[in-house]
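Thanks for coming. I will go through two parts of one structure, and you can follow along on the screen.

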Amino acid sequence: MIFKLKKIHLNVFLLICLAPFLIQAQEINSPNKNLVLKFELKENGVPSYQLSYKGKSVIKPSTLGLEIKDAPSFMDGFLITNTEQKSVDESWSPVMGEEKTIRNNYNELVVTLAQAKNNNRYIRIRFRLFNDGLGFRYEFPKQNDLNYFVIKEERTEFQLAGDHKIFWIPGDYDTNEYAYTTSKISEVPSLMKKATIEINSQWPIKELAVQTPSMMKSNDGLYINIHEAALINYPAMYLELDATTYKMRSHLAPDAVGNKGYMQTDAQSPWRTIVVSDKATDILASKLILNLNEPTSYKDISWIKPVKYIGIWWEYFVAGKSTWAFGKENNVKLTDDFTKLTPNGKHGATTQRAKEYIDFASANGFDAILIEGWNIGWEDWINNWKEDVFDYVTAYPDFDVKAVHEYAASKGVKIIMHHETSGSATNYERRLDRAFQFMNDNGYDAVKTGYVGKIIPRGEHHDGQWMVNHYINVAKRAADYKIMIDSHEAVRPTGLNRTFPNWIAQESARGTEFESMGGLNPDHTTILPFTRLMGGPMDFTPGIFQTDLSYYRTGSKQRVNTTLVKQLAYYVTMYSPLQMAADIPGNYERFPDAFQFIKDVAVDWDNSYILEAEPGDYITIARKAKGKEAWFVGGITDENTRTAIIPFDYLPKGKNFIATIYADAKDANWNEKPQSYTVTKVVVTSKTILKQFLAPGGGVAISITEGKDSEMKGLKKI
Ligand code: NOJ
Ligand code: CA
């Protein structure tokens with residue numbers, strides 16, 4: 001049983017009102033009373049809500065509603081015809097996650113709103129108020145006067161209380177791979193042009209808008225995060241900004257003809273989420289988005305497992321010595337005979353190379369290796385908006401699928417399949433069953449999918465309703481074949497890994513690949529957990545040890561903007577049950593003592609402790625490995641040096657433990673001495689508090705184990 005109901009209070013106060021006009025305002029509190037939500041109808045029957053935290057305004061009165069195409073809107077003329085309240089306090093266990101048990105505790109208010117002027121057509125708005133924030137959604141029940149409708153625009157407002165600091169990327173229908181800008185809301189307009197750097201398959205929104213999750217901090221110290229949960233059969237939401245009044249407003253991704261959502265009752269919108277606290281650590285600890293997603297209906301989940309992997313991958317980005325493509329030609333068709341191509345001499349995914357990686361994976365305890373560029377089609381895979389680029393079942397002549405699999409199986413290693421679609425979702429859907437059958441036949445149990453390029457159906461967007469449904473269908477279909485999914489360039493996650501637990505990770509942000517293309521800002525990874533990762537695990541692909549890329553290309557100014565140790569810390573600060581050791585194996589062999597941390601670190605957890613955090617500045621997290629008496633700590637900083645204060649009070653009391661501390665050396669920094677580090681073993685107890693130096697662009701990683709007395713002899717106790 002993965003959904004365990006521990007405790008439920010169902011206090012249902014059914015309030016059927018015979019005189020609807022009497023009900024004007026409704027108020028509910030969060031279980032701990034810190035948050036107060038007020039719902040009311042304004043003049044002309046316009047729905048409005050407001051939210052406060054410990055008496056401070058989070059969302060000032062803001063209107064709710066939707067515009068409908070060629071039909072009356074759901075914006076005004078409403079009467080409250082019914083309200084219901086209930087409280088829920090239960091807990092459940094995710095298949096994989098940061099916590100083995102998650103508490104779902106909220107007070108709910110459901111308001112039924114009818115429009116007399118439209119034959120009493122009605123909708124419901126469901127609010128769930130948790131201790132860590134608010135979720136609400138629109139519901140469209142089945143009724144005589146509401147069957148099919150098309151959304152012109154959702155008009156949900158978020159009237160913020162001031163000119164908050166905001167960590168943002170430009171609103172874009174097709175990508176989340178921008179670098180973050182930190183500014184005041186009022187400064188967004190003047191910074192938008194600079195922030196809208198050129199990246200593949202982008203489609204910036206014309207209106208002034210930012211992506212969600214949107215992370216903000218108010219002058220009076222409130223941390224506010226706006227996103228959505230359970231994005232199903234609906235387009236993704238962006239936030240339009242009014243930079244003078246600090247009002248945000250929903251903006252949905254359009255389809256090819258400009259419509260925003262095709263609905264048939266019963267239907268509902270995704271949840272709009274506002275996570276709020278006066279502590280930044282609470283934002284990272286929040287499970288509100290997962291709680292608002294439905295439990296999985298999968299009966300058998302035994303095949304869904306955490307994966308630590310390496311891959312024939314980073315060498316395509318840095319070394320310049322290998323390529324995805326096999327042929328010299330740059331104009332091929334799927335119908336061509338690929339055995340007749342002229343080899344370019346640099347093909348990465350050869351049988352021989354695969355075996356070398358398998359040996360390395362097996363020798364170092366990795367579960368799997370990702371092999372990109374194994375299949376025909378890479379000669380001209382992007383930029384042509386071409387439909388049939390890949391067939392997902394035909395290997396290049398120098399890659400022997402059967403031989404690679406037999407070898408991998410003999411070494412206890414899995415191969416991760418790679419399905420780059422180059423945005424052609426139609427082609428992928430047509431071939432999906434054959435592609436998954438091929439995986440089953442050849443022993444693959446996980447696939448990395450990719451959507452680089454403009455989407456086909458042409459005119460659709462990565463974030464539109466059509467593609468949102470596509471990603472979910474791929475995940476569901478994959479489950480039929482017991483296949484796990486790691487999607488790249490898909491719409492950003494909204495907690496659907498609860499419902500579809502085989503969709504184990506996503507990229508959907510600027511990840512390590514950009515370290516080879518200009519670099520990530522040193523503060524990037526102190527922002528990602530507050531933004532992109534709010535929706536779910538990220539396949540960030542950490543673990544780069546050779547950070548100065550002139551190592552590969554003499555004279556290159558490119559570098560990974562971190563110390564080596566910060567790359568270790570990511571395994572803890574960037575939660576994902578799928579973690580890559582992204583560097584080329586040879587680089588791990590050069591630093592065996594640091595590599596030990598990657599070999600040891602867990603990827604699935606019983607508990608997580610967010611010790612310190614400030615978006616844009618630093619994060620320190622400790623986690624307990626799933627089912628094991630082993631703990632791991634990761635701490636990171638931005639471009640500034642800092643002293644992390646690391647408590648160990650989550651360790652069992654009255655016992656000694658061995659902590660192996662991977663630290664930046666005193667002279668380390670991200671741009672000049674990234675590989676200067678120390679590895680020290682000490683004895684710690686639950687009372688230890690460590691003050692740890694972090695270099696500019698640096699970090700700290702600690703692994704903690706129960707040690708035998710003999711192993712602790714001679715170690716310093718701190
Ligand atoms: C972009 C992905 O993020 C990257 O990991 C992959 O290697 C390329 N697309 C090719 O599919
Ligand atoms: Ca990408």
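Let me start with two residues: Glu-177 is buried, and Glu-489 is buried as well. Keep in mind that this is a predicted model.

What do these residues do here? Both Glu-177 and Glu-489 coordinate the calcium ion, ligand 2, together with Glu-507, which is listed with two OE contacts, and Glu-513. The distances run from 2.3 to 2.6 Å. The site of this calcium ion is irregular, with angles of 51 to 157° among its 6 donor atoms. Along the chain, the donors follow the spacing E-x311-E-x17-E-x5-E. Glu-177 sits in the loop between strand 13 (165-168) and strand 14 (181-184), and Glu-489 in the loop between strand 27 (484-488) and strand 28 (503-506), so the pair ties together parts that are 312 residues apart in sequence.

Which strands does strand 25 pair with? One is strand 24, residues 368-371, in the parallel sense over 3 bridges. There, Ile-369 stands opposite Ile-415 of strand 25.

Another partner is strand 26, residues 446-450, which runs parallel to strand 25 and is joined to it by 4 bridges. In this pair, His-419 stands opposite Thr-449 of strand 26. From strand 25 the chain goes through helix 7, residues 425-441, to strand 26, and this β-α-β crossover is right-handed.

Key: Residues are numbered from 1 along each chain as its sequence is written. Chains are lettered from A and ligands numbered from 1 in the order in which they are written. This is a predicted model: local features need pLDDT of at least 70, side-chain atom pairs count only at pLDDT 80 or more; totals for chains, interfaces and linings use all residues. Side-chain values use heavy atoms; hydrogens and water are left out. Donors are N, O and S atoms within 2.8 Å of the metal (3.2 Å for Na, K and Ca); water is not among the atoms, so sites may look incomplete. Four donors count as tetrahedral if all angles lie between 85 and 135 degrees; four count as square planar and six as octahedral if opposite donors are over 155 degrees apart and all others between 65 and 115; anything else is irregular. Helices (H or I, at least four residues) and strands (E, at least two) are DSSP runs, numbered from the N terminus. Buried means under 20% relative accessible area, exposed over 50%, partly exposed in between (1.4 Å probe, protein chains only). Two strands pair if DSSP finds at least two bridges between them. A crossover is right-handed if, with the strands pointing away from the viewer, the path from the first strand over the helix to the second runs clockwise.
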